[in-house]
Amino acid sequence: MFDFAVVTQWVDTLLRSFLPDQAALLVEFLLVGLCLLTAYALIALALIYGERKICAWFQCRLGPNRVGPYGLIQPVADMFKMLIKELIDMNHSDKFLFRVAPFIVIISSVLAFGCIPFAKGLEILDFNVGIFFLLAVSSIGIVGILLAGWSSNNKFSLIGAMRSGAQMISYELSIGLTILTMVVLSGSMQLSTIVESQANGWFIFTGHIPAFIAFVIYLIAGTAETNRGPFDLPEADSELTAGYHTEYSGIQFGFFYLAEYLNMFVVAAVAATLFWGGWMPLHIPGFDNFNMIMDYIPSLFWFFGKVALMIFIIMWFKWTFPRLRIDQLLRLEWKYLLPINLINLMLMVIIVVFGLHF
Amino acid sequence: MNSIKEYFVSFYKGLKSLLIGMKVTLRIFFRKKTTECYPENRETLVIADRFRGTLTMPHDAEDNHKCIACGLCEIACPNGTIHVESVTEVNEETGKKKKVLTRYMYDHGSCMFCQMCVRACPHDAICFDNSFEHAVFTRAKLVKQLNKK
């Protein structure tokens, strides 16, 4: 399998051959940042296009099909529209916080995005508490959302932001516990190690029952965490117009929009990494020829294929289920998901202790 | 004890109904799409016969129509879309007076396609056809004379 570390090593030695160490490091930082932001923007565009198409197909429509072949240029056109729109300042709003909020949201999203192992040797942030770090930075986004709601000087924005706060804090618990369940199985918090340890079978197969339960709970909690339907009550188009980002326009709104889609990508990527082996090809112990053939498919394809499947499931949720009320939302978390999660964690510990996994 | 039972029953019921919902939407996902790509499919486009597109006055092969210029359609029209202009002719042999249609003016731009005029007509002289592409650059072009002579 192609190892992307070859490329990164080559760039590194090339830069060090004519630059002092410090300068080479600086150039590498800039390059990585540039690649990351480009990938971020491109993935967001692809996700917006995918969302519109899939939503359309679920409603027996065709979706965007006028701008470019199959409407492929549509999200680009939308992005340009968003970029050239005027930024409007609200009267009596807290100007500083109002402007800071979208940046907090997008920074947390980009940081979480940077942790993901995209392919073999293609990891930006990889250290021994990687998944823990990812969980921590993705939670910073809630601060931005609360600030956005608070500083807008708009009742509905504030209601949306408060709902978002309650929802995210509740579901963070489920996400944390499901990730903990998988960390128990893998024995490591480092994302690269987690992926490597799935070489002899993905965790969803080796961890069988508790892994599957954890996966389902993770998907539900992840959907809630990204404020997507059926848990989109912080935005609730029909009740709160758009919730916390009602008063934003132009690129500030674009940041929220982008962060929302990329958070979905991050959730899907973490689900793929923890349960479905990340970039690791499908390996079945004993079937050596089969494993060899699977290795010929590049790891990037494996990763994005799995993530696309996860994203499809999340979109499937959104376009199937009606929106929950706030009390139903909290009841689902505290009365159902949390107890199941704790029992599931216990079960996983028992299975790992007695070596009942494959 | 009852509440514990209800807790588990409600959990499984909820899970089941959610899965049924997802099955339904997945079936619809793969269903044939109903959207029409309009300008591209103009050749094959099927418009229902009863679609009310334009008011027309059918003429036979000798360009005769059935209109007797009674003006009932003009009275029935809620928008004042129709103007019937007629002259009174005297039959020289019998000496009877008869209204003859000169111009039947129909302002498409103010028509709301309620079909009151067609229903009011005692001789079925007018009807709606299903042609619907009416875009023009000035409103004056929407005013049409329906009778040919």
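The expected span is 1.5 Å times one less than the number of residues, and helices (H or I, at least four residues) are DSSP runs numbered from the N terminus. Helix 11 of chain A is mostly covered, with 21 of its 26 residues buried; buried denotes under 20% relative accessible area, exposed over 50%, and partly exposed the range in between (1.4 Å probe, protein chains only). A:Gly277, which follows helix 11 of chain A, has a positive phi near 85°.

Helix 5 of chain A (residues 130–151) has 22 residues and reaches 33 Å from its first C-alpha to its last, close to the 32 Å expected at 1.5 Å a residue. A:Asn153 follows helix 5 of chain A and has a positive phi, near 60°.

## Basis of the model

Residues are numbered from 1 along each chain as its sequence is written, while chains are lettered from A and ligands numbered from 1 in the order in which they are written. In this predicted model, local features need pLDDT of at least 70, side-chain atom pairs count only at pLDDT 80 or more, and totals for chains, interfaces and linings use all residues; side-chain values use heavy atoms, with hydrogens and water left out.

## Buried residues of chain A

A:Lys306 is found in helix 13 of chain A. With a relative accessible area of 7%, A:Lys306 is buried. Not counting residues up to four places away in sequence, A:Lys306 touches A:Trp202, A:Ala272, A:Trp276, A:Gly277, A:Gly278, A:Trp279 and A:Met280; contact means heavy atoms within 4.5 Å.

A:Met348 lies in helix 14 of chain A and counts as buried because its relative accessibility is 0%. Its C-alpha atom is separated by 9.9 Å from that of A:Leu180, 168 residues apart along the chain. Leaving aside neighbours within four places in sequence, A:Met348 is in contact with A:Thr181, A:Met182, A:Val184, A:Leu185, A:Pro210 and A:Ala211.

## Interface of chain A and chain B

The contact takes 18 residues from chain A and 19 residues from chain B. The two chains bury about 1700 Å² between them, 73% of it on carbon and sulfur atoms; buried area is the accessible area (1.4 Å probe) that two parts lose on being put together, summed over both. In chain A, A:Cys60, A:Trp316 and A:Tyr336 lose the most area to chain B, together 34% of what that side buries.

One salt bridge is counted between chain A and chain B, a salt bridge being a side-chain nitrogen of Lys or Arg within 4 Å of a carboxyl oxygen of Asp or Glu. The side chains of A:Arg66 and B:Glu40 meet in a salt bridge at 3.5 Å, N to O. On the side of chain A that touches chain B, the elements giving two or more residues are helix 2 (21–58), helix 13 (299–318) and helix 14 (326–353) of chain A. Helix 14 of chain A provides the largest share, four residues.

## A:Phe58 at the contact

A:Phe58 is found in helix 2 of chain A and is buried, with a relative accessible area of 5%. Not counting residues up to four places away in sequence, A:Phe58 touches A:Phe312, A:Met315, A:Trp316 and A:Trp319, together with B:Thr25, B:Leu26, B:Ile28 and B:Phe29. The C-alpha atoms of A:Phe58 and A:Met315, 257 residues apart along the chain, are separated by 9.7 Å.
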